[in-house]
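Hi,

Here is the structure I promised to send over.

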Amino acid sequence: MAENYYQKDIETMPVEEMKKLQSEKLVKQVKHVYENVAYYRNLMDEKGVKPEDIHGIEDLHKLPFLSKADLRDAYPYGLLGKPLKECVRIHSTSGTTGRRVVAFYTQHDVDLWEDCCARAIVAAGGTDEDVCQVAYGYGLFTGGAGLHGGSHKVGCLTLPMSSGNTDRQIQFMEDLGATILCCTPSYAAYVGESLKEKGYKPEDIPLKAGIFGAEPWTEEMRHQIEETLGIKAYDIYGLTETSGPGVAFECSEQTGMHINEDHFIAEIIDPDTGEVLPEGEKGELVFTALDKEAFPLLRYRTRDICVLSRKKCSCGRTLIKMAKPMGRTDDMLIIRGVNVFPSQIETVLLNEGYQPNYQIIVDRVNNTDTFEVNVEMNPEQFTDKVSEILGMERKLSDAMKIMLGINPKVRLVAPKSIVRSEGKAVRVVDKRKLV
Ligand code: DLL
């Protein structure tokens, strides 16, 4: 199949030309921010940097970082780059801890954001012949609005389902012939599980592709979703602070996500020292938004851990690629001194033939960390023979020891007993924070 692009000139632009474009935009954007955002002007003044010092992307490193803490300090209007009168929309993070992040958009910002999502849909094979079922949450969360806008731009027939009500999702999917599904990977896995239970086979539904993101997911989970739904599953990345989904998207090669470099400059830094790392090294992802008017963040530290690569891509896009984020600097658990990412546990489970339905529970008893992983048995494994269950638990715990270096206490629980998520899955319950 010939590769399709939504904005070919940009998506396949020679790298040197792209760098020139980024340099021109950066000079203008720094001036815009310095003149209109007092909070960032103060940070620049403290660092002794003036807009005149920024001649192009080679000077990016001179600018101060912004972090989530700055967003909280400046809440709600302190980072606005345009008068509220010119803003047409806000979105917000789910904000499980502390203050929510609120992001603002002008009509121009919404337009560019929707273009980014349209690029993702076309890269996943979408055209105006497709029926695109958007099952990300609508509302303050950016997932629904972003993919909805992108789907309109591509000209797909858009099904604005929002999340939840799985029976209705399946009914619409079948009756209206949805060909593209957009939702979190954990919800896609649940939809697959529900379809199977209802006796559907992958060929009974017309879906051909899925655009899944908003949470970390492993290659093993991709294969499993692709198999149960009979589709190609594409990754999509973004965060509220940079507009939402569509900062980066996967193409047919499915080996990482192309970053929309005409709108965002990506850097990888050492999270401890802030030093910029060379391409190919693992570190914290930092974004500078080049076109955003209302919420123009410069050098924003995402806390996502990732690697960038300029390796030539078979799809013809020249946009730099980011690997699947390996987790966040703040969701890495340190258990008895060992670093543990939920994605490592997911990999072990899927390799051992389990479903990605699990929850990690960490606590501290008598000054020692306890580490438990509850894992659902598959219906076909279900048994009430204690010795068999103990044997399976031991086998899983040993497999996790090989991956992590420490043994969790694995507890196999009945099928369907771990609550399914309609949005981002809650994988970790860390009770130590409550003390
Ligand atoms: O999750 C935006 C989004 C919506 C992206 C729909 C993709 C699809 P936030 O709620 O602000 O925004 O959360 C952003 O989610 O910093 C990552 O840690 C994580 N994340 C987003 N996409 C991915 C992905 C939306 N593809 C935070 N893989 C980010 C891994 C992801 N993590």
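A nitrogen atom of the ligand sits 3.3 Å from a polar backbone atom of Glu-215, and a ligand nitrogen is also 2.7 Å from a polar backbone atom of Ile-236. The protein covers 94% of the 600 Å² of accessible area that the ligand has on its own (Shrake-Rupley method, 1.4 Å probe; for residues, only the protein chains shown count as cover).

Before you read on, a word on the model: it is predicted, so local features need pLDDT of at least 70 and side-chain atom pairs count only at pLDDT 80 or more, while totals for chains, interfaces and linings use all residues. Residues are numbered from 1 along each chain as its sequence is written, and side-chain values use heavy atoms, with hydrogens and water left out.

Two elements, α6 (142-154) and β7 (232-239), each give two or more residues to the shell around the ligand, and β7 gives the most, with 5 residues. Helices here are DSSP runs of H or I with at least four residues, strands are runs of E with at least two, and both are numbered from the N terminus. There are 21 residues around the ligand, of which Asp-235, Ile-236, Thr-240, Asp-304 and Lys-424 come nearest (a residue is near if one of its heavy atoms lies within 4 Å). By class, the shell has 9 nonpolar, 6 polar and 6 charged residues. Ala, Val, Leu, Ile, Met, Phe, Trp, Tyr, Cys and Pro count as nonpolar, Asp, Glu, Lys and Arg as charged, and the others, Gly among them, as polar.

Next, the salt bridges (a side-chain nitrogen of Lys or Arg within 4 Å of a carboxyl oxygen of Asp or Glu). The structure holds 30 of these salt bridges. One of them joins the side chains of Asp-291 and Lys-25 at 2.8 Å, N to O. Asp-291 is in the loop between β11 (283-289) and β12 (300-306) and Lys-25 is in helix α2 (residues 15-36), so this pair ties together parts that are 266 residues apart in sequence. Both Asp-291 and Lys-25 are buried (under 20% relative accessible area, with exposed being over 50% and partly exposed in between; 1.4 Å probe, protein chains only).

Helix α2 also has Glu-35 and Lys-31, 4 residues apart and so separated by about one helical turn; their side chains meet in a salt bridge at 3.3 Å, N to O. Lys-31 counts as partly exposed, at 45% relative accessibility. There is also a network of salt bridges that links Glu-193, Glu-197, Glu-376, Lys-416 and Arg-420.

And the cysteines? With a cut-off of 2.5 Å between cysteine sulfur atoms, the count comes to 0 disulfides. For Cys-116, the nearest cysteine sulfur is that of Cys-117, 6.8 Å away, and Cys-116 is buried at 3% relative accessibility. Cys-315 is in no disulfide either, with the sulfur of Cys-313 nearest at 3.6 Å.

Cheers

Notes. Polar contact = N/O pair within 3.5 Å; in protein donor to acceptor, adjacent residues only side chain to side chain.
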